[in-house]
Amino acid sequence: MSKNTFYITTPIYYPSAKLHIGNAYSTVLADTAARYKKLRGIDTFFLTGSDEHGQKIQRAAEAAGVTPKEYVDRIVEGEGGFKNLWDALMIDYDKFIRTTDDYHVKAVQKLFQIIYEKGDIYKASYSGHYCTSCETFFTDLQLVDGDHCPDCGKKTEILSEESYFFKMSNYQDALLDYIDKHPSFIMPESRRNEMINFIKGGLEDLCISRSTFNWGIPVPVNEDHVIYVWFDALSNYITALGWGSDDDSLYQKYWPANVHLVGKDIARFHAIIWPTILLAADIPLPEQIYGHGWVLSDGGKMSKSKGNVVDPFKLIDKYGVDAVRYYLLREIPMGQDGNYTEELFITRYNNDLANDYGNLVSRTISMIDKYCGGVIPAPEQTEYIDDGLMQMAVTAAAQVAVELDKLNFPAALTRIFTLIGRANKYIDETTPWILAKDDKYHARLMTVLYNLAEVVRISTILLKPFMPALAPRVSEQLGVDLTTATWADATTWAMIPAGTKVHKGEALFPRIDPASILLPEKEEPSVSFKDEISYDDFAKLDIRVATVKDCKPVAKADKLLEFTLDIAGVERTVVSGIRLFYKEPADLIGKKLVVLANLAPKKIRGIKSHGMILTAATDDDSVLEALQVASAEIPSGSVVC
């Protein structure tokens, strides 16, 4: 498409008194895509809203003793409602449409009139199985167990009434032809194939009005009928832009939409009903309908009736908005279903946000504060290892952009965290704490610390669309305003002025102890200790921090690993029986382990082992880990006491 604009929409959500993170998923995805486009300087319009008509709303309002408008106002505008949740999730929409808005009502009536006058809408009597929850009629063949909705599983009811019908069947061949000529019109491919098969099964004419209730938009040619909710709701994508009004400048600018981002459960309405309505009205079709998967909890889609909903407000209060957004964008495979459990959430939070990104920022700021008086130095002595880091940093934006342009949010985040992981390894390789001990390495130290500051800057810019609360927090510590930084700023090296003052602050993502949150209270455990020893006995032990220079399996020994250790410049070989717990021994290279350094040498499988790797294990030895030192400021050879 030639237009240099980007228009993305979410479904307009049906008012529900119980919101959950599944409701939020589409909107977080769309918000991230819109933020990314705006960061690149692309003229972007992001639409979301609420779908407020229909029999279900009227019945709920009657049960609550209020009018339908009062009922939806409370849910959409009130405390804990849609707009509150979008604010809490930092959803930066350009427009929030409500289908009760006057301009929408008038435009929907105009759309109905256009198609009616074309001869593609007619009146007839209808009797069929109707699902009030989904606002949809189903044929006998579509029903489950004879009378249950194939989408939500609830029992349908038989409705007989006079209705207006849209000749959707007239557009079956035209829609199939369009899909064939536009392979990316419905994505992902699995959803495209599903829609093609459904259409080839034969499209029936669509009931688009109801006369047994009155909460809806009156049919312009017969006000005893109200327009069926899907004809009403789907039209929001053009009415929000002013289609059918005196001012359609936004419509002229942004339509056709680039992406309708919807859940897979409503993909059929968007990929079949909506395009046929547009074809009938001679309106261009959107570029793409992307049907994403569900956020599952306890093995199923979240719903109030199942009792498996996860309250997003509570999650945000507990872990912060950036962590909640990050989980949804990173953990859920794009286009597929993904699971939510608090255990998975905490694991992802600790591994990625606390250990990787948060640790990189903390280590960088702390070392600049300690070794440079809190001032970012000018780079003075560049070496070969720096070139690789700089090249990875300035090319990361292009790689991330490729994934974001495909709406592949997990893959985009993986690209960013590859850079973050490389920077953390760069710290271990360059050992700034050792360079700081000798003035002859001063120039080298300055370069290393500057490079780290630049990676923090670039990675934070790349994370802005995903975690919008992050940039202001990092800006305070790094001393550089990242809130106004653009995507292009992430492609340029050395943008931080030397002499910039850093401000060491609290951890961005404090590590969470899973046991403190997830495990139920238990009785005080009974522990059996070994016989007591004197302090003099303990003082004989020389326990040190050692850096792993090499680690490899011992030939013909299933359980043994051979370590080459550096203990403050002294090289030691230690054989340890922990091979079963480390499938990739090379992953231990560069780690700082805790060792008993004065254990008498002993030959094991012909190898002189001088020392012992200290480990921790469960009672049944099913889990074992070598003890490690995480702090970058504790060098090899440090005494453990």
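At what angle do the axes of helix α14 and helix α16 cross?

Reply: A quick note before we start. This is a predicted model, where local features need pLDDT of at least 70 and side-chain atom pairs count only at pLDDT 80 or more, while totals for chains, interfaces and linings use all residues. Residues are numbered from 1 along each chain as its sequence is written, and side-chain values use heavy atoms, leaving out hydrogens and water.

Now your pair. Helix α14 covers residues 342–371 and helix α16 covers residues 409–430; their axes cross at roughly 45 degrees and come within 10 Å. (Helices are DSSP runs of H or I with at least four residues, strands are E runs of at least two, and both are numbered from the N terminus; axes are lines fitted to C-alpha atoms, for helices over the stretch in contact, with angles from 0 to 180 degrees between N-to-C directions.) That angle is why α14 and α16 count as oblique to each other. (Under 35 degrees is roughly parallel, over 145 roughly antiparallel, 65 to 115 roughly perpendicular, and the rest oblique.) The crossing of α14 and α16 is left-handed, meaning the near helix is turned anticlockwise from the far one by less than a right angle; clockwise would be right-handed.

Who does the touching? From α14, the residues in the contact include D352, L353, Y357, L360 and M367, and from α16 they include F417, I420, A423 and I427. (Contact means heavy atoms within 4.5 Å.)

E380 has 47% relative accessibility, so it counts as partly exposed. (Buried is under 20% relative accessible area, exposed is over 50%, and partly exposed is in between, using a 1.4 Å probe and protein chains only.) Setting aside neighbours within four places in sequence, E380 touches H442, A443, M446 and T447. Y14 is another story: it sits 366 residues from E380 along the chain, and their C-alpha atoms are 59 Å apart.

Q172, L175, L176, I179 and D180 of α6 meet R192, I196, I199 and K200 of α7.

Which residues of α6 (172–181) are buried? They are Q172, L175, L176 and I179. They span an arc of only 100 degrees around the axis, which puts them on the same side of α6. (The arc is taken from the directions from the helix axis to the C-beta atoms.) An α-helix has 3.6 residues a turn, so residues three or four places apart point the same way. D173 and K181, on the other side of α6, are exposed. The cover over the buried residues includes α7 (189–200), β7 (186–187) and α11 (267–280).

Finally, some strands. Two bridges link β9 to β11 (222–227), with R210 partnering V226 in β11.

Conventions. Pairing = 2+ DSSP bridges.
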